[in-house]
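Hi everyone, thanks for coming. Let me put the structure up on the screen, and then we can walk through its packing together.

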Amino acid sequence: MGESKLAGQFFDAAIGLLQKVRDEEADAISEAGKAIAGAVAAGNRLFAFGAGHSSLAAQDVVYRAGGLALMNLLAVPGVVGVDVMPATLGSALERVDGLAGAVLDSSPARAGDVLIIISLSGRNALPVEMAMNARALGLTVIGVTSVAYATETKSRHVSGTYLKDHCDVVLDSKIAIGDAELTHEGIEAPFAPASTVVTSALMQATMAAAAEELVRLGIEPPLLRSGNVDGGHEWNGRVMTEYGDRIFFRH
């Protein structure tokens, strides 16, 4: 069996996008890392939010071996993933006005905390209002989005604005409109989305930048280790005990 031509093309497209965000978003990644490290150093908390498939990159940094123990998922029931039935309900909830405010008001988030909001299009009411309300509460907001959507699509929020318009730091994933990297003769729809690959890489790069900044500040980064290596559970137990007041996924 020979190599699939289309599979190879997808890898090439993903690698190209990763190189692009590495080169063009380096300053923004560093700035985001410093914001996260600053919150950790100041005794504040960290949250990540994403709806639908954007939630995958948020979940990837929560309770993660090699990740910051303090990163918490800000979950909105019904929009975290495709486990809700019908799956289309999650997409519908992203367009509901007022939902973000209710979620934030009932969460432990407070002034001084950092909230990372992931939304590929950044056009729906939920991520826009999440960013607006979070900043009004005094949180630092980091947005991970494709800025291209703001120039080529219409906002679904009453303000006509996008996620990128309400963030302290914006990380641009460079994903093209439609999130499909490949086309092929005989296949009518474009296919092979790369947003999860690129967005997850942006998130992990930002966590690495935060760890680097914490070391510069003289603080041992509160990282988790794999539970599948000897001593991992003991290590994680110590970290979670020390930072228990800022870790909410255990409650």
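Let's begin where helix 2 meets helix 8. From helix 2, the residues in contact (heavy atoms within 4.5 Å) are Ile29, Ser30, Ala32, Gly33, Lys34, Ile36, Ala37 and Val40, and their counterparts in helix 8 are Leu202, Ala205, Thr206, Met207, Ala209, Ala210, Glu213 and Leu214. Sorted by class, that contact has eleven nonpolar, three polar and two charged residues. The classes are these: Ala, Val, Leu, Ile, Met, Phe, Trp, Tyr, Cys and Pro are nonpolar, Asp, Glu, Lys and Arg are charged, and the others, Gly among them, are polar.

A quick word on the ground rules. This is a predicted model, where local features need pLDDT of at least 70 and side-chain atom pairs count only at pLDDT 80 or more, while totals for chains, interfaces and linings use all residues. Residues are numbered from 1 along each chain as its sequence is written, and side-chain values use heavy atoms, with hydrogens and water left out.

Helices here are DSSP runs of H or I with at least four residues, and strands are runs of E with at least two, numbered from the N terminus. Axes are lines fitted to C-alpha atoms, for helices over the stretch in contact, and angles between N-to-C directions run from 0 to 180 degrees.

So how do the two helices cross? The axes of helix 2 (residues 26–41) and helix 8 (residues 195–216) come within 7 Å, crossing at roughly 55°. That makes helix 2 oblique to helix 8; angles under 35 degrees count as roughly parallel, over 145 as roughly antiparallel, 65 to 115 as roughly perpendicular and the rest as oblique. The crossing of helix 2 and helix 8 is right-handed, meaning the near helix is turned clockwise from the far one by less than a right angle.

Helix 8 has another partner: helix 1 (residues 5–24) packs against helix 8 at about 35°, with the axes 10 Å apart. Leu17, Leu18 and Val21 of helix 1 make this contact with Val197, Val198, Ala201 and Leu202 of helix 8. Its residues divide into seven nonpolar, no polar and no charged.

Five strands form an open sheet in the order 2-1-3-4-5, with parallel pairing (two strands pair if DSSP finds at least two bridges between them). Strand 2 (71–73) and strand 5 (169–172) are at the edges with a single partner strand each, so one side of each has no neighbour in the sheet. Strand 1 (residues 46–50) runs parallel to strand 3 (residues 114–118), joined by five bridges, and Leu46 stands opposite Val114.
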